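Hi everyone, thanks for coming.

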Amino acid sequence: MVFLLAMSIWLVTAISVWLLIDAKGQMPVAISDLARSIDSQFMFTLVITGVVFVLAQGLLGWFILKYRDRPGARARFVEGNTTVEIGGAVVIGIIFVGLAVAAQNVWARLHLNEGPADQVVVEITGEQFAWNIRYPGPDGQFGRTLPELYDATNNPMGIVPDDPAGQDDIVVLNTLAVPVNRPVELRLGSKDVLHGFFMPVLRIKQDTVPGMRIPLRFVAEETGNYEIACAELCGLGHYRMRGFLQVMEEPEFRSWLVEQAAQ
Ligand SMILES: [Cu+2]
């Protein structure tokens with residue numbers, strides 16, 4: 001029985017490692033430098049924690065065998081070993097802090113660093129159950145909004161009609177178009193509950209929070225049509241919050257904007 005237990009622990013460990021190695025090639029494509037940095041950060045963490053996992057499970061199985069019940073064996077009280085315990089805690093602490101420091105750069109590029117003046121700014125507001133995607137229009141200024149003006153068909157973002165900055169604003173549902181190779185800043189918010197704005201090809205997943213505008217930045221490097229999903233179970237129609245990220249050449253993006261403004 002004891003042998004079976006130890007063997008099962010080792011077998012489950014081996015299968016888990018094999019499944020992870022096998023899954024490595026199944027990630028969606030990464031279309032930005034930031035996405036590739038997030039992937040390597042992820043792999044780095046996975047390798048370190050993977051080695052610790054294999055060592056811990058290996059030892060667990062070995063201890064089960066070594067200290068199994070045998071004829072004549074007597075229970076023994078173990079005092080513990082302060083040096084080993086403190087040493088272990090210090091090593092784990094160093095690994096944790098080290099991983100956090102290594103991730104700082106990626107985090108700063110996504111959330112903290114200021115974007116260049118010519119970046120494309122897009123405001124994204126989740127609601128049950130759609131993504132309102134607003135471009136500032138030719139003046140580069142978003143108009144003021146008021147929640148009491150929300151009107152699903154005529155004014156989904158509640159733009160104040162007599163604010164000149166808002167008159168050229170463009171609101172699109174569920175399609176985020178961006179030009180290729182240009183910095184984009186998203187400002188994420190929500191009208192009602194928590195939603196999760198998720199673009200797998202950019203490795204970006206950010207909760208949208210009512211009352212907050214959360215900035216994040218990226219540069220998409222490959223044109224194409226990619227998926228956007230809501231990653232937060234936000235109600236019965238959650239599955240309908242599917243959108244598309246369309247990465248276009250600059251002229252194509254400009255004419256797309258003109259087309260949307262005309263509608
Ligand atoms: Cu949602």
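**A quick tour**

Let's start with Ile15, which sits in helix 1, a helix covering residues 2-23. Keep in mind that what you're looking at is a predicted model. Is Ile15 buried or exposed, or something in between? With a relative accessibility of 42%, Ile15 counts as partly exposed. Together with Leu11, Trp18 and Leu19, Ile15 makes a nonpolar surface patch of about 440 Å².

Now for the charges. Side chains of opposite charge can pair when their charged atoms come close. How many salt bridges does the structure hold? There are 12.

Take Glu185, which is buried, with a relative accessible area of 5%. Glu185 forms a salt bridge with Arg187, where the closest N and O atoms are 2.8 Å apart. Arg187 is partly exposed, at 31% relative accessibility. Glu185 also forms a salt bridge with Arg217, and there the closest N and O atoms are 2.9 Å apart. Glu185 is in strand 5 (residues 183-190) and Arg217 is in strand 8 (residues 214-219), so this pair ties together parts that are 32 residues apart in sequence. Glu185 and Arg217 are both buried.

Here's another pair: Arg242 and Glu227 form a salt bridge, with the closest N and O atoms 2.9 Å apart. Glu227 lies in strand 9 and Arg242 in the loop between strand 9 (224-230) and strand 10 (243-248), so the pair ties together parts 15 residues apart in sequence. Arg242 is partly exposed at 48%, and Glu227 is partly exposed too, at 36%.

Last stop: Glu123, in strand 1, residues 120-127. Glu123 is buried, with a relative accessible area of 9%. A network of salt bridges links Glu123, Arg134, Asp169 and Arg213. What does Glu123 touch, leaving out residues up to four places away in sequence? The contacts are Asn132, Ile133, Arg134, Phe142, Met157, Arg187 and Arg213.

How values were computed: Residues are numbered from 1 along each chain as its sequence is written. This is a predicted model: local features need pLDDT of at least 70, side-chain atom pairs count only at pLDDT 80 or more; totals for chains, interfaces and linings use all residues. Side-chain values use heavy atoms; hydrogens and water are left out. Helices (H or I, at least four residues) and strands (E, at least two) are DSSP runs, numbered from the N terminus. Buried means under 20% relative accessible area, exposed over 50%, partly exposed in between (1.4 Å probe, protein chains only). Contact means heavy atoms within 4.5 Å. Patches are made of residues with over 30% relative accessible area and no salt bridge: like charges are joined within 9 Å, nonpolar side chains (Val, Leu, Ile, Met, Phe, Trp, Tyr) within 5 Å. Accessible areas come from the Shrake-Rupley method with a 1.4 Å probe; for residues, only the protein chains shown count as cover. A salt bridge is a side-chain nitrogen of Lys or Arg within 4 Å of a carboxyl oxygen of Asp or Glu.
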